[in-house]
Amino acid sequence: MRTKYKAWAEPFLLEHPEIGLSNEEISILDNFVLEIGSGKGEFLVKMANNNPKEFFIGVEKNVTCAGIAGKKLFESELSNAKIIWKDITNLFPLIKDNSISTIFLNFSDPWPKKRHYKRRLTSTLFLNEYKRILKKNGQIIFKTDNDDLFVYSVEMFETNGFKILSKTFDYDGSDTYDAQTEYEEFFRQEGTPIKRVKVTYDK
């Protein structure tokens, strides 16, 4: 489900810096929730609205999706959520150690070809960064429709020292600390089971 390019997205993001954060602002944060791959921002807006005492940052590298998410944040007038138009690999160096309570990975790109596995957001390269930026007993919550990616991710979590807190191949959406994404709504309508795993890293 590719998103059609929107010419207005980049100008909108540039005209509304208040919906994002500068590099300096990111570097001083020490207690927030991170969603990597926010898409059009449905999950980000819902979570921020449902959890007003927490601060949410969404990261999205696709400019059109980031623009759509940014417009939703702008219109919602939420003060506890921001969208950053950036590749997460470029954001990692700015994030302080032990600063994130929860990382959400929702319907990440499965990168199905084996030679591209290192690009998966649950590869060792990324997991090492998560270990650094997560608070003690911080959590990663991962959802996908892709069976292969789910099996791979669970194995990578386990082999990289993460503790599995919960795991299901048919998540019913009942966790109160969650919200549906655009992709999840689509897959549920199609009858595709949602896979979900929640892990922690005990430093």
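Predicted model: local features only at pLDDT ≥ 70, side-chain atom pairs only at ≥ 80, totals over all residues.

Trainee: What volume does the largest pocket have?
Mentor: The largest pocket has a volume of about 1,200 Å³. It is lined by 38 residues, and those closest to its centre are Glu-60, Phe-107, Ser-108, Asp-109 and Tyr-183.

Trainee: Which element gives the largest share of that lining?
Mentor: Helix 8 does, with four residues. Strand 1, strand 2, helix 5 and helix 6 are also among the elements that give two or more residues to the lining of the largest pocket.

Trainee: How do the residues of that lining divide by class?
Mentor: The lining of the largest pocket has 15 nonpolar, eleven polar and twelve charged residues.

Trainee: And what about the second largest pocket: which residues are closest to its centre?
Mentor: They are Gly-20, Leu-21, Ile-83, Ile-84 and Trp-85, out of 13 lining residues. The second largest pocket holds about 240 Å³ of space. Strand 3 gives the most to its lining, with three residues.

Trainee: What does Ile-103 touch?
Mentor: Leaving aside residues up to four places away in sequence, Ile-103 touches several residues, including Leu-34, Ile-36, Tyr-130 and Gln-139.

Trainee: Now the charges. How many salt bridges are there?
Mentor: The count comes to 15 salt bridges. One of them joins the side chains of Glu-185 and Lys-46, at 3.1 Å from N to O. This pair links distant parts of the chain, with Glu-185 in helix 8 and Lys-46 in helix 3, 139 residues apart.

Trainee: Are Asp-175 and Arg-196 buried or exposed?
Mentor: Both Asp-175 and Arg-196 are buried. They form a salt bridge, with the closest N and O atoms 3.1 Å apart. Asp-175 is in the loop between strand 6 and helix 8 and Arg-196 is in strand 7, so the pair ties together parts 21 residues apart in sequence.

Trainee: Which residues are linked with them in a network of salt bridges?
Mentor: The network links Asp-175 and Arg-196 with Lys-143, Asp-178, Glu-184, Arg-188 and Lys-198.

Key:
Residues numbered from 1 in each chain as written. Heavy atoms only, no water. 1 Å grid on protein atoms, 1.4 Å probe; cavity = no way out; pocket = protein on both sides within 12 Å on 5 of 7 lines; lining within 4 Å. Points joined across faces, edges and corners; volume = space filled by probe spheres on them. Nonpolar A, V, L, I, M, F, W, Y, C, P; charged D, E, K, R; others polar. Contact = heavy atoms within 4.5 Å. Salt bridge = Lys/Arg side-chain N within 4 Å of Asp/Glu carboxyl O. Buried < 20%, exposed > 50% of the residue type's maximum accessible area, 1.4 Å probe, protein only.
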